[in-house]
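Please look through the structure shown below with its sequence at hand.

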Amino acid sequence: MNVYDSARMADVLAPLGYQPVEAPEGADMVILNTCHIREKASEKVFSELGRLRLEKNRQATDEDGRRMIIAVAGCVAQAEGEEIMARAPFVDMVFGPQTYHQLPEMVARASRAAGERVLNTDFPVESKFDFLPGESADAGVSAFLSVQEGCDKFCTFCVVPYTRGAEFSRPAAQILAEARRMAASGTREITLLGQNVNAYHGDSPAGGTWGLGRLIREVAAIDGVERIRYTTSHPRDMDDDLIAAHGEVPQLMPFVHLPVQSGSDRILAAMNRKHTADDYRRLIDRMRAARPDLALSSDFIVGFPGERDADFAETLRLVTDIGYAQAYSFKYSARPGTPAAGLDDAQVPEPVKNERLAALQQLLNAQQVAFNQACVGRVLPVLLDRSGKRPGQLMGRSPFMQSVPVAAPQRLAGTVVDVRISAAHANSLAGEPVLADGVTVSGPAAPAPPADFSNPPAWEATA
């Protein structure tokens with residue numbers, strides 16, 4: 001979401017004469033676009049601001065006496081705006097994720113000779129999407145498209161409802177118009193974004209509303225769109241139409257990020273997730289029935305307040321039952337203002353968190369390696385969307401989100417190429433394009449088989 005927001009900020013600033021640069025040295029303005037999901041991200045903001053202060057001071061003492069504008073945007077700005085203004089008096093602008101369409105006015109105020117400082121963390125009545133200009137630059141071969149923001153779930157560990165606000169779905173016509181512009185400029189893969197993307201319920205062009213499944217079908221009908229993904233989802237919003245789309249829409253990639261957070265019903269209830277571990281298992285069974293080669297990713301939190309050894313053992317059991325192609329796992333960190341942050345008497349000691357996280361990651365990493373190894377010897381369609389690290393190399397992603405570097409001519413950049421997978425690594429695959437006379441050999445996409453999770457890596461947990 002922040003990548004998408006940053007690109008749109010650049011679009012808003014372009015008419016004012018601003019264009020992106022690669023480094024803060026010599027920049028007229030630096031915007032830190034922030035995330036507040038985890039504690040370290042917030043700490044990094046103040047660390048980075050200290051470095052930017054030195055650059056701002058250097059520019060001010062140069063012969064031309066330039067004044068660099070420093071801004072903090074995003075969710076940390078929304079949650080800690082007043083603290084940022086107090087701790088970092090050299091910061092000129094602080095604004096939340098729903099207000100960046102007002103950047104021209106904010107920049108004008110901050111640029112005045114008096115040096116007005118701007119704090120804008122309101123939730124405007126109007127939608128920012130109604131005031132954003134068209135994209136000023138090509139989005140790239142693979143690009144993000146925001147369709148939904150905010151969340152009404154109020155999980156007890158999460159700050160999103162407080163920093164992004166209530167759920168809001170963009171009108172379908174607005175999304176489709178943006179997707180058509182992206183496809184016309186060369187985008188081949190579109191990832192539909194939302195804090196709770198499968199809760200999408202946008203106004204349809206003909207009246208009524210569309211869910212995410214219908215929206216995906218309409219995006220797939222746009223000429224030039226070869227791949228569609230979506231993130232991030234909630235198990236409670238995975239409806240029948242979206243599940244069916246996975247079996248019926250060829251452009252919809254067989255990879256879903258579906259956070260479960262815990263395998264313990266007691267902890268899931270404390271998190272206010274409003275689903276059980278068995279609910280999640282049954283949902284995955286339905287999704288795999290619709291798309292047998294579906295690969296899954298998830299989020300896990302260990303050490304949530306009150307988590308016992310038996311609860312953690314249930315998480316490991318769920319991971320073993322489901323089998324993940326990749327996953328993100330974290331130690332619980334209290335987010336200010338969330339209900340779980342106030343459970344002081346139930347906080348899990350850090351050494352216990354560390355031990356549990358290590359055990360969980362060992363299991364998840366073993367599953368990821370097993371899934372990647374199951375792809376060796378198969379031919380997978382890979383969208384080559386960027387240059388590789390070595391000369392003559394292009395990088396791309398498989399349908400299952402694995403990174404795949406291949407030796408290929410530059411003319412193949414931006415195309416889907418069949419690649420025979422020859423090796424698997426922890427976080428990537430390796431292979432060679434299947435070519436004949438310089439032309440890509442086209443054929444049916446061979447789905448990777450599910451990894452063999454019938455004999456998962458051993459793990460120990462105290463119940």
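Predicted model: local features only at pLDDT ≥ 70, side-chain atom pairs only at ≥ 80, totals over all residues.

F371 lies in helix α12 and F400 in the loop between β16 (393–397) and β17 (403–407), so the pair ties together parts of the chain that are 29 residues apart in sequence. Buried means under 20% relative accessible area, and F371, with a relative accessible area of 5%, is therefore buried. F400 also counts as buried, because its relative accessibility is 2%.

## Helix α10

Within α10, the residues A277, Y280, R281, L283, I284 and M287 are buried. Seen down the axis of α10, these buried residues fall within an arc of 165°, so they line one face of the helix. An α-helix has 3.6 residues a turn, so residues three or four places apart point the same way.

On the other side of α10, D285 and A289 are exposed. The buried residues of α10 pack against several elements, namely α8 (240–248), β12 (255–257), α9, β13 and α11.

## Helix α11

Helix α11 (residues 309–322) has 14 residues and reaches 20 Å from its first C-alpha to its last, which is close to the 20 Å expected at 1.5 Å a residue. Its buried residues are D311, F312, A313, T315, L316, L318, V319, T320 and I322. The packing partners of these buried residues are α9 (265–270), α10 (277–290), β13 (295–302) and α12 (350–373). After α11 comes G323, whose phi is positive, near 80°.

## The largest nonpolar core

Which residues of the largest nonpolar core touch the most other members? Of the 50 residues in this core, they are L192, L215 and Y230. Helix α6 (residues 172–184) contributes the largest share of the core, six residues.

When its neighbours within four places in sequence are left aside, L192 is in contact with a number of residues, among them L145, V147, V197, L212, L215 and Y230. The contacts of L192 also include I216, I228, R229 and T231.

## Strands β18 and β19

Strand β18 (residues 416–424) pairs with β19 in the antiparallel sense, over five bridges, and a hairpin joins β18 to β19 through four residues. One of the bridges can be located by its residues, for the bridge partner of I421 is G431 in β19.

Is strand β19 largely enclosed or largely exposed? Four of the five residues of β19 (residues 429–433) are buried, so this strand is largely enclosed by the rest of the structure.

Definitions and conventions:
Residues numbered from 1 in each chain as written. Heavy atoms only, no water. Buried < 20%, exposed > 50% of the residue type's maximum accessible area, 1.4 Å probe, protein only. Helix = DSSP H or I, 4+ residues; strand = E, 2+ residues; numbered from the N terminus. Pairing = 2+ DSSP bridges. Expected span 1.5 Å × (residues − 1). Contact = heavy atoms within 4.5 Å. Core = buried A, V, L, I, M, F, W, Y, C linked by side-chain atoms within 4.5 Å. Arc of directions from axis to C-beta.
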